Amino acid sequence: MHRIPLFSLISKYDTAIWVRVVGTILTSLAGFMMRPYLVFYLYDKLDGSIFLSMLIVGLQPLCGIFVNLYAGSLSDRYGRKPMILSALIIQAFAIGGYMFASHVWEFAVISIINGIGHAMFGPAANAQITDVVPQEKRAEVFALLHTALNMGSAFGPLLGLLLFTWNPTIIFLTCSIALLAYAGLVVWKVPETMPVKSAAEQELSKTKPKIRWRDHKQLLWITLLAMPVSLLYAQVESTFPLHLQQQFENYKTVFATIITFNGCIVIALQLWIAKRTEHISAYMVVAASYLLFAIVSVGYGFVPIFAILLFVEFLFTIGEMLNGPHIQKVISVIAPEEHRGWYFSVFGMNWQLSRAIGPILGGLLFSHYGGKMMFAVLAVIILLAGIAQSRYIRSLNHKKEEPIIEAALQT
């Protein structure tokens with residue numbers, strides 16, 4: 001007798017994975033209600049200053065860079081669950097603070113605190129997945145989480161548009177409540193997943209020498225070459241809405257629609273694409289995604305017609321569905337068991353750094369040369385980085401001293 005498909009799917013993964021999925025849906029729905037309009041909200045509150053708005057947006061990830069250096073190591077030392085809980089609670093109170101802020105310094109402090117919480121969450125949560133999911137299923141699970149994330153992007157922007165028009169502060173309250181609800185789920189249903197160390201291993205970890213960066217060149221190169229893609233995401237969240245303001249009269253509706261379109265396509269295709277590409281070499285999948293991102297960057301800058309812009313967004317969606325799960329799988333494979341949290345922490349810095357400097361650099365280029373030039377420059381950088389990234393990941397397959405990595409990256 002065959003199982004009911006829904007029950008079969010639920011039993012396929014650990015409870016911790018499903019809590020992460022549900023929590024991601026909750027927080028992404030609230031986050032996508034807030035994120036597309038935070039730039040407009042700050043722009044209005046700060047008297048139309050593009051630079052100050054971009055600076056405030058960039059403070060959150062800038063602070064996260066420094067926290068990221070320690071967050072992964074702390075999750076490897078004290079466990080995944082304490083770090084995840086602390087991160088969610090910090091973010092909940094920080095985002096709630098936006099409701100009461102009115103001065104530049106208040107927005108700055110809130111962004112810094114939110115950046116601390118955001119940086120603490122990712123490394124511990126991704127290490128948790130590596131703890132409980134077999135290697136051959138990790139790309140599929142990361143794809144499942146990406147689908148959950150985009151359930152929020154499918155419905156959040158349009159709902160946020162309605163609330164933003166009515167009362168912007170309601171958005172921040174909703175986001176704060178969602179984060180607290182996620183924390184409650186973690187307390188209730190998620191056990192600690194960090195591998196248990198023997199007494200000898202615990203003693204060895206205390207005397208183990210400090211991590212030497214030169215011993216982890218693979219991680220550093222992959223992280224550095226991932227930055228141009230996250231720079232594109234940073235522009236989507238910061239300067240792109242302002243660029244649309246110059247291209248379309250109903251720019252808020254246009255922005256909300258393309259974000260929603262992105263989310264719907266991911267929900268429909270992400271798991272299917274993950275299945276279809278799981279046996280393709282990682283370097284080929286990554287190369288295709290970078291090419292798509294470069295085309296998208298040009299499209300964002302130069303397309304003035306809404307219908308064509310939707311097609312550009314479709315290409316962006318395909319690119320992110322290819323890139324995210326496979327690049328995270330690469331990190332999970334090359335990460336030593338005792339440094340899983342630290343590896344995801346360091347890799348996560350590409351997002352933190354890009355979202356810190358991206359809005360500021362993008363804001364300067366946008367102010368002086370316009371959105372077209374800004375996105376054209378970014379397209380060239382993405383294309384060059386894509387060539388280097390795919391060649392580097394491919395080179396890992398040919399190192400005879402790393403047969404495990406070779407086998408994993410070819411599946």
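Colleague: Does Tyr233 count as buried or exposed, and at what relative accessibility?

Modeller: This is a predicted model, in which local features need pLDDT of at least 70 and side-chain atom pairs count only at pLDDT 80 or more, while totals for chains, interfaces and linings use all residues. Residues are numbered from 1 along each chain as its sequence is written, and side-chain values use heavy atoms, with hydrogens and water left out.

Tyr233 has 15% relative accessibility and therefore counts as buried (under 20% relative accessible area, with exposed over 50% and partly exposed in between, for a 1.4 Å probe and protein chains only). The whole structure contains 10 aromatic pairs; rings of Phe, Tyr and Trp (its six-membered ring) pair if their centres lie within 6.5 Å, and planes under 30 degrees apart count as stacked, over 60 as edge-to-face and the rest as tilted. The ring centres of Tyr233 and Trp351 are 5.0 Å apart and the planes stand at 75°, so this pair is edge-to-face. Because Tyr233 belongs to helix 9 (residues 217-236) and Trp351 to helix 14, the pair ties together parts that are 118 residues apart in sequence. Helices here are DSSP runs (H or I, at least four residues), numbered from the N terminus. Trp351, at 27% relative accessibility, counts as partly exposed.

Tyr233 and Trp351 also belong to one aromatic cluster, whose members include Tyr300 and Phe375. Tyr300 counts as buried at 2% relative accessibility, and Phe375 counts as buried at 0%.

Note on methods
Helices (H or I, at least four residues) and strands (E, at least two) are DSSP runs, numbered from the N terminus.
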